[in-house]
Amino acid sequence: MASKKKKKARRKSYQQTQTKAPWPTIVAHAAQLLENTKPREAISLLKQALKNGAPSDEVEPQLFQAYLARETQLRNKGMTSEADAVRRQAIKYQPSAASMSATALLALAPGLGDDALITHYLDFLEHQPPDTDVACHVAGRLIIGRQWALLDQLPGGIPLRDEAPKAIAAAEAMHGGEWEKALEAFKGLPRKSPYAPVSLFCRAMCAFYDGEDTAMTRALAMLTENSPLFPLARKLASAPDAISPLWQGSRVAERQIMMLAEHIGTATVKKTVGWLHAAAAALLPQAPRQALRELFELLYPMTLNGRLSRYRLEKLVTRSLDRETARGLLAKFGFFDFQWPLSDLAHYYPHIEREFPLAKETPLAQALVILETLRRLDAGSESSWIQPFHIDQFRRVFGLQADDRYDLKIELNIKALELDPDNRAGYEQLAKWHPVSRQSKNLVERGLRQMVDRFPEDPFPCLALATLYYSKNAFRKAEKVLAEALRRAPHDRQVIERHVLSLLISAHQRLKRGKLELAKQDLDQAAQNPAAALGFIIIEKQLLFRLEQQGQLSLFDGAPRITPKKTSRLVDQALAPLPLFERLQVLGYLVMDSEARKDRWPPAVVREIDKLLRKDLRRYKQLTSGQLVALLQRPPREFEPLTGHINLAPYYLSCAKTLLSGVNDQDIVAVLDILVDARCFDALLAEIRRRRGKQHSRLNCLLAFYEVAVEQIAHPGHFDPTPFHTVVDSADKSWMELLRAAARRLSSHTNGPLNHALGTFNFNPFSDFMPDFSLFDEEDDGLFNDDEEMDGNDLDYGSMTMISLLSLAETLRKMPMEDILEMDETFLERLRQAMDNFVLENGFDLVPNPVLRMLRNKLRRSDDFVGDLLFSFDQHLDQQTIDHLSPKTRLFFIEKD
């Protein structure tokens with residue numbers, strides 16, 4: 001303990017010595033630190049040198065390079081947002097074009113686009129002599145980006161432009177993988193050409209493919225760190241065996257590839273399988289099975305654009321690969337489809353170890369697959385209302401314990417971090433969850449504490465952990481971990497704001513308990529460290545303190561308690577200097593706090609505060625559209641200890657009925673999402689209809705989609721896809737991505753079939769569904785094993801309408817029996833159509849009864865969850881509905897052996 005104190009004292013003494021040193025000494029020491037890759041300390045010293053009177057033209061260029069070096073350090077650690085912030089600081093000290101050195105330009109170049117790089121290079125040439133390293137870097141960027149039109153900006157007579165024709169020909173060959181051709185194109189270039197390093201790289205690649213590692217290493221050693229190709233060169237030089245390309249050279253079976261590409265969807269299965277084996281053997285003779293698997297992964301995207309049917313690809317896979325490999329590959333395709341996220345993950349997960357057999361690779365691949373699933377679920381792509389894979393089986397696959405589906409996702413996130421403890425993206429995903437139960441909060445806390453230990457310089461886990469502690473009302477722990485974040489990044493804007501927010505939360509709690517003196521200390525300390533985003537909250541809490549103080553003083557002097565007149569005077573004094581937007585922010589939070597004090601404050605005072613807000617809100621036309629959007633937004637999650645889960649949007653809209661008229665078309669979509677989140681459906685629909693009434697509104701398509709979706713969200717019942725089809729079918733193709741994104745956002749506010757339809761942007765109740773291989777017995781390799789071409793009687797599982805049946809069955813199972821008895825004829829007709837279509841579209845009406853019974857029994861036994869739902873209609877349907885079904889449908893769904 002004593003040694004630590006001495007070390008701390010020495011450090012403090014050293015810092016004081018540096019502060020008092022003359023600026024030339026400080027600058028020299030900073031340059032030494034920069035050479036020793038300690039840019040953070042160098043930045044601190046250079047800033048001190050400026051304070052001590054150092055000329056800015058001497059210090060700022062070094063400060064510029066120190067910031068850029070710090071940016072590189074942060075990016076290497078994966079701290080992207082912090083690196084971006086440091087780069088913005090660096091730009092403030094960027095030297096002018098006349099004084100920028102070659103070293104400074106090379107440090108700046110990696111963060112510039114190709115256009116900006118050429119612009120800076122032109123400025124550099126106007127004021128500085130040509131530099132070989134800079135020219136080589138620009139040449140490498142041109143080779144990679146192939147934006148040759150930028151060369152027209154360069155003056156003639158410089159090698160970078162004059163030697164471009166050879167570079168253009170070589171670049172096309174390089175991007176096509178023809179390294180020998182690229183090397184031939186570079187012939188005749190002088191050794192001092194800016195394109196010479198690229199020529200060396202081509203020579204190294206030729207040696208790599210010829211297996212001459214010594215020649216490759218010798219060529220790569222000549223590349224300098226300033227070349228954009230240097231990172232790849234370093235990887236090649238250090239571990240050439242780690243790169244195992246599929247295409248070994250250019251001599252592949254071109255005839256088989258051409259035949260395969262031309263006839264993949266029309267030739268017989270037997271012929272196609274033969275071409276696939278021949279191509280795989282030619283492409284990778286030493287491992288044809290690996291090549292075959294890679295070929296199928298290349299063919300999979302063709303099923304998405306309709307060039308190849310999914311059933312045909314499945315048939316080719318099962319005929320070409322062994323059973324286990326085929327099952328694993330098909331499970332992977334199902335995972336890519338992402339129709340049923342958690343069940344697709346559970347089917348694919350057991351096959352990952354076979355696909356990545358190395359002990360180091362297996363857990364990393366498993367973690368990445370889990371985290372990708374969670375990321376897509378978090379993005380709103382989940383059909384969460386039903387999962388065909390039984391929940392108990394899901395728990396067994398991953399060894400999970402939670403019962404709640406949301407808690408299962410959090411536990412799954414922890415599972416991924418156990419597999420890959422250094423995966424920063426996994427921790428960031430964990431911090432996004434909003435745990436409710438004690439068990440899930442403890443899981444998130446465990447994961448974030450692990451991140452705190454594994455990333456000792458990163459303030460992010462401390463901030464996330466503080467948010468969690470506040471949700472658990474563990475205020476002391478939150479303050480402690482925020483102090484640690486402040487120690488790690490004392491100048492970070494977000495950390496400073498969270499520190500100020502912690503003081504405001506403490507003051508808020510003390511005001512609630514009547515501890516005014518302690519609250520005043522917190523408020524004074526927060527006011528000394530103002531944060532731009534929290535300025536209005538500081539003012540509001542100070543005003544709240546004065547109101548509480550007035551009420552408390554009246555108890556001792558015998559005077560009346562605080563009156564509406566005093567309240568109005570205090571509010572006017574506090575808000576007089578503020579613009580309208582900040583006044584409304586302060587009054588909005590003050591209204592929330594006054595409503596919470598109804599039992600202690602006179603009702604007239606609460607009404608007075610409400611009156612003041614309504615008075616200011618009448619002037620809303622003075623606000624910009626962006627300010628109105630910010631006013632309606634729900635407070636951030638970090639503000640919950642101050643605001644709870646209150647959303648002020650309904651209150652503002654009740655005070656000013658025409659408030660939304662001030663929002664322009666560019667911001668209206670953001671406002672619609674805010675209103676859906678606040679459940680302000682009436683105001684939202686009224687605004688949509690008002691705006692749609694305007695002729696030639698370019699947003700009519702998107703507004704119509706919101707109107708249809710919100711109508712069904714606001715009035716939950718049976719999902720009706722017809723209005724969605726009307727909007728989507730009439731929409732221009734350019735609007736499809738906007739409609740798809742809106743549907744994903746809206747899906748998080750609903751459940752059941754509507755949730756699935758919005759999440760997948762599929763509004764057909766009889767949509768396609770590919771059943772998993774686990775639906776069939778181990779002995780079966782599909783239902784048909786002939787080698788002839790498929791005919792119309794084959795069972796095309798790509799057109800099965802199982803999803804419609806599962807959705808309707810789940811709806812029935814959740815409904816009380818009295819509601820089922822009163823069910824309208826429309827729903828029953830849809831149900832009959834779904835059951836009959838399932839049988840007809842799959843050709844079951846042509847299958848003999850014994851075969852149909854066998855298939856039915858297999859499906860019943862294969863998956864408890866699917867079987868329970870798919871064959872449970874007889875428990876809910878009356879005899880009249882059953883009599884209207886076709887004989888084959890009754891045999892398949894209703895009759896029991």
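Angles between helix axes run from 0 to 180 degrees between N-to-C directions, and the axes are lines fitted to C-alpha atoms over the stretch in contact. Angles under 35 degrees count as roughly parallel, over 145 as roughly antiparallel, 65 to 115 as roughly perpendicular and the rest as oblique. The model is predicted: local features need pLDDT of at least 70, and side-chain atom pairs count only at pLDDT 80 or more, while totals for chains, interfaces and linings use all residues. Residues are numbered from 1 along each chain as its sequence is written, and side-chain values use heavy atoms, without hydrogens and water.

**View 1. Helices α33 and α35 pack together.** Helices are DSSP runs (H or I, at least four residues), numbered from the N terminus. Here α33 covers residues 580-595 and α35 covers residues 625-632. Their axes lie 11 Å apart, at an angle of about 10°. The two helices are therefore roughly parallel to each other. Phe581, Leu584 and Gln585 of α33 meet Gln627, Ala630 and Leu631 of α35; contact means heavy atoms within 4.5 Å. By class, this contact has four nonpolar, two polar and no charged residues. Ala, Val, Leu, Ile, Met, Phe, Trp, Tyr, Cys and Pro count as nonpolar, Asp, Glu, Lys and Arg as charged, and the others, Gly among them, as polar.

**View 2. Tyrosine 470 and phenylalanine 475 form a tilted pair.** The whole structure holds eleven aromatic pairs. Rings of Phe, Tyr and Trp (its six-membered ring) pair if their centres lie within 6.5 Å; planes under 30 degrees apart count as stacked, over 60 as edge-to-face and the rest as tilted. In this pair the centres are 5.8 Å apart and the planes stand at 55°. Both tyrosine 470 and phenylalanine 475 are buried. Buried means under 20% relative accessible area, exposed over 50%, partly exposed in between (1.4 Å probe, protein chains only).

**View 3. Phenylalanine 705 and phenylalanine 724 meet edge-to-face.** Their ring centres are 5.8 Å apart, with planes at 65°. Phenylalanine 705 sits in α40 (residues 700-714) and phenylalanine 724 in α41 (residues 722-730), 19 residues apart. Phenylalanine 705 is buried, at 0% relative accessible area. Phenylalanine 724 also counts as buried, at 0%.

**View 4. The largest nonpolar core has 152 residues.** A nonpolar core is a set of buried Ala, Val, Leu, Ile, Met, Phe, Trp, Tyr and Cys residues joined through side-chain atoms within 4.5 Å. Phe705, Phe724 and Phe763 are among the residues with the most contacts inside this core. Helix α40 gives the most to the core, with ten residues.
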